[in-house]
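Subject: Structure handover

Hello,

Here is the structure I promised to pass on. Please open it first, then read my notes below.

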Amino acid sequence: MFGLDHQQQLETSMRQHHDVILPGGQRLHVASSGKVGRPLLLFAHGFPECWAAWQTQLAAFGHDHFCLAPDLRGYNLSGKPEGIAAYRVQPLMDDLLGLMRHFGYAQCVLVAHDWGGAVAWSLAAREPRNLSKLVIINSPHPIPFARALAHNPRQQAASQYMLRFREADAAEFLLQDDCARLLALFRHPITGKSALHETEIALYKQAWNRPGAMDAMLNYYRASPLVPPTAEQAGAAGLQLDPEDFLVPMPTLVIWGEQDQALLPVLLEGLGSVVPNLLIQRVPVGSHWVVHEEPDAVEAAIRSFLAAT
């Protein structure tokens, strides 16, 4: 398997893969590690990743937890329902809840990044009994994100890519030149180094080129009302979100790579008003891909948070 060294082979041998059919018919491909019955860690990836975003964490936490890392709907080996409505937040939340129940769990610690984090924030606010703790990695809570998209020029400029990703030809655009634009997303803004290893690049290219996958992945952007305003559309500036609807009551750890060029640190401002039990762990050298770049720091932060009462 791509010349894995001995340690990687041991970690791979700990991992299992499942195809799960949820009650509504949605099919999810899921990677797991550890034993059912241990406390559940559920990992939710973002764009444009898949279950493989969490390979290091699956190996690290599988020794003392049961870990699940699905391909979210539309991604890689999971089902790809048609229509933008299938990628709104409610069905995405239902997928995570259904996955928990499939394996016999009523509650988990949810660890989520980017679009996975967008789903996680809503799930934590709407179904708090299902989450004992929440870990968010470089994913903005809806209230500060909507505020910044409406009023902060720097975040508005940083989010312009979201408008491009909503266009009809966005999938073709991103897959051109052997996925060069997608791969460029993973370069660190200062060092220029890719956050992905060659084995991950090969796996991701395969995932991106599966029939219908890229358009399905982009439907997350098309389904979201959280976009910067344009001359034609109000975007987030036209939303009236009630902070009371987005209160997150459980203990929450936010890990933030401060070199993120798409999601700026301004998105952490005022977060405590909607997440009262909040711990923020800033990673100054980390980018949007801090999970890949600083895996030891991410693991240490999560372990410390899990151990805290």
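First, a definition for sorting residues: Ala, Val, Leu, Ile, Met, Phe, Trp, Tyr, Cys and Pro count as nonpolar, Asp, Glu, Lys and Arg as charged, and the others, Gly among them, as polar.

The model is predicted, so local features need pLDDT of at least 70 and side-chain atom pairs pLDDT 80 or more, while totals for chains, interfaces and linings use all residues. Residues are numbered from 1 along each chain as its sequence is written, and side-chain values use heavy atoms, with hydrogens and water left out.

**The sheet**

Helices (H or I, at least four residues) and strands (E, at least two) are DSSP runs, numbered from the N terminus. Eight strands form an open sheet with mixed pairing, in the order S1-S2-S4-S3-S5-S6-S7-S8. Two strands pair if DSSP finds at least two bridges between them. S1 (16-21) and S8 (278-283) are the edge strands, each pairing on one side only. From one strand to the next, the twist averages 20 degrees. S6 (residues 131-137) and S7 (residues 252-257) run parallel and are joined by four bridges. Leu134 has Thr252 in S7 as its bridge partner.

**Helices on the sheet**

Contact means heavy atoms within 4.5 Å. Axes are lines fitted to C-alpha atoms, for helices over the stretch in contact, and angles run from 0 to 180 degrees between N-to-C directions. H4 lies across S3 (40-44), S5 (108-113), S6 and S7, at about 140 degrees to S5. H12 (residues 295-307) lies across S3, S5, S6, S7 and S8, at about 165 degrees to S7.

**H3 against H4**

Their axes come within 9 Å and cross at roughly 80 degrees. H3 and H4 are therefore roughly perpendicular (65 to 115 degrees). Val89, Gln90, Leu92, Met93, Leu96 and Leu97 of H3 meet Val119, Ser122, Leu123 and Arg126 of H4. Those contact residues comprise seven nonpolar, two polar and one charged.

**The second largest pocket**

A pocket is an open set of points on a 1 Å grid over the protein atoms alone, where a 1.4 Å probe fits, with protein on both sides within 12 Å along at least five of seven lines; lining residues have an atom within 4 Å of a point. The second largest pocket holds about 540 Å³, the space filled by probe spheres set on the points. Its lining has 26 residues, with Trp115, Ala118, Ser224, Pro225 and Leu226 nearest the centre. H4 gives the most to this lining, six residues. By type, the lining has 20 nonpolar, three polar and three charged residues.

Best wishes

Key:
Angles under 35 degrees count as roughly parallel, over 145 as roughly antiparallel, 65 to 115 as roughly perpendicular and the rest as oblique.
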